Amino acid sequence: MKKTLVFKVSPKNPDVKIIREAADIIRKGGLVAFPTETVYGLGADALNAEAVLALFKAKRRPLDNPPIVHVGRFEDVYKLVREIPAKADILMKTFWPGPLTLVFKRSSIVPNVTVAGLDTIAVRMPKHNVALALIRESGCPIAAPSANLAGRPSPTAAEHVLEDLDGRIDAVLDAGPTRIGVESTVLDMTVHPPQILRPGGTPLEALEGIVGKVELHPVAVAEKRLPVERARSPGMKHRHYAPKAKLIVVEGELSAVVKKITELVKRYREQNMKVGVLATDETANLYGADVVKSLGSRSHLDVVARNLFRLLREFDVEGVNIIIAEGVPTQGLGLAIMNRLRKASGYRIVKARI
Ligand code: TXA
Ligand code: MG
């Protein structure tokens, strides 16, 4: 166990002294969790193999699942990649800094462990003053997976980071809750057309508006477990985002979903289970479960995304035996929300019909 330092910082104007102290830890090969606009990341010097190895260990992350490498300036991308395809260049100019990760062919200066032995590298520039200040002050690209233990819901607040990693990392920069709440979209630029490996904070529709056709990898849809060999993004084959209780997602037309969930609640309560429902503002008062939590209004999927991981963690505290979650339509941010819910459920997906 080490002592994990907690530094409170302003999200808008982080104190330079604190950023310097955190950057110093990164430069010395240490691990610092920091906020981004999506979720908190656990950072290490991406070019220091030992530091990155320690990062995998702290998270108990399988070594075949590489982290995203974060940069603070556009020019920092050039030394990490072999080429920047024209479409990637436009996307960077349009969406960076922001919740979009691009996969490139990687250069030889990147240690093998940072890319899990792959010939490619995932890079993004986060849109958060604390993240940008830390990366720039460190003077190195920062490898940062989400700052949770492998398999757990991603952290959207410093408290979640400490729940999972207190005593396992050197420091956390606490700048309050994150704005987007689901991770960045991972887009593979080494194939034509570009392919979404993980839907996230930048919707498919927004990408297509800039570069035309974008494909969706079947694992990005996450409607069912796929054979391991089809999992091109290594993270695809591991269990993810899971709360402690078993989770079921019910999808379909809203009235059918409400009816199905009502049925399931009744059935599980008859088995003496403590039942939680992850609902929305429009439906939350319709359920007679032990615990009902609302993600927000269905007409504000940005709010639903922001609340998702926090509420999954809150159900752990409630000690429910089962969580039944409402699905949302897969347009815009809905695709990322459903990807996380389906994976969190271990693909226990119920299609509700009238
Ligand atoms: O919003 C985010 O992306 C957050 C914040 C901290 O930036 N980071 C994050 O990192 O979610 P992580 O490591 O939890 O997820 C990285 C995802 C994984 O699904 C991984 O498999 C994929 O990116 N990935 C990383 N390198 C890749 C590569 N070379 N090719 C394909 N997928 C890759
Ligand atoms: Mg993660």
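Colleague: At what angle do helix α1 and helix α4 pack, and how far apart are their axes?

Modeller: First, this is a predicted model, where local features need pLDDT of at least 70 and side-chain atom pairs count only at pLDDT 80 or more. Residues are numbered from 1 along each chain, and side-chain values use heavy atoms, without hydrogens or water. Helices are DSSP runs (H or I, at least four residues) numbered from the N terminus, and an axis is a line fitted to C-alpha atoms over the stretch in contact, with angles from 0 to 180 degrees between N-to-C directions. Here, α1 (residues 16-27) and α4 (residues 129-138) pack at about 55°, with axes 8 Å apart.

Colleague: What word describes how α1 and α4 lie to each other?

Modeller: Angles under 35 degrees count as roughly parallel, over 145 as roughly antiparallel, 65 to 115 as roughly perpendicular and the rest as oblique. α1 and α4 are therefore oblique.

Colleague: Which residues of α1 and α4 make the contact?

Modeller: Contact means heavy atoms within 4.5 Å. From α1 come Ile19, Arg20, Ala22, Ala23, Ile26 and Arg27, and from α4 Val130, Ala133, Leu134, Glu137 and Ser138.

Colleague: And how do the axes of α9 and α10 cross?

Modeller: The axes of α9 (residues 301-318) and α10 (residues 334-344) come within 9 Å and cross at roughly 20°. That makes α9 roughly parallel to α10. On the α9 side, the contact includes Leu301, Val304 and Phe309; on the α10 side, Ile337, Arg340 and Leu341 are among the residues.

Notes
Chains lettered and ligands numbered in written order. Helix = DSSP H or I, 4+ residues; strand = E, 2+ residues; numbered from the N terminus.
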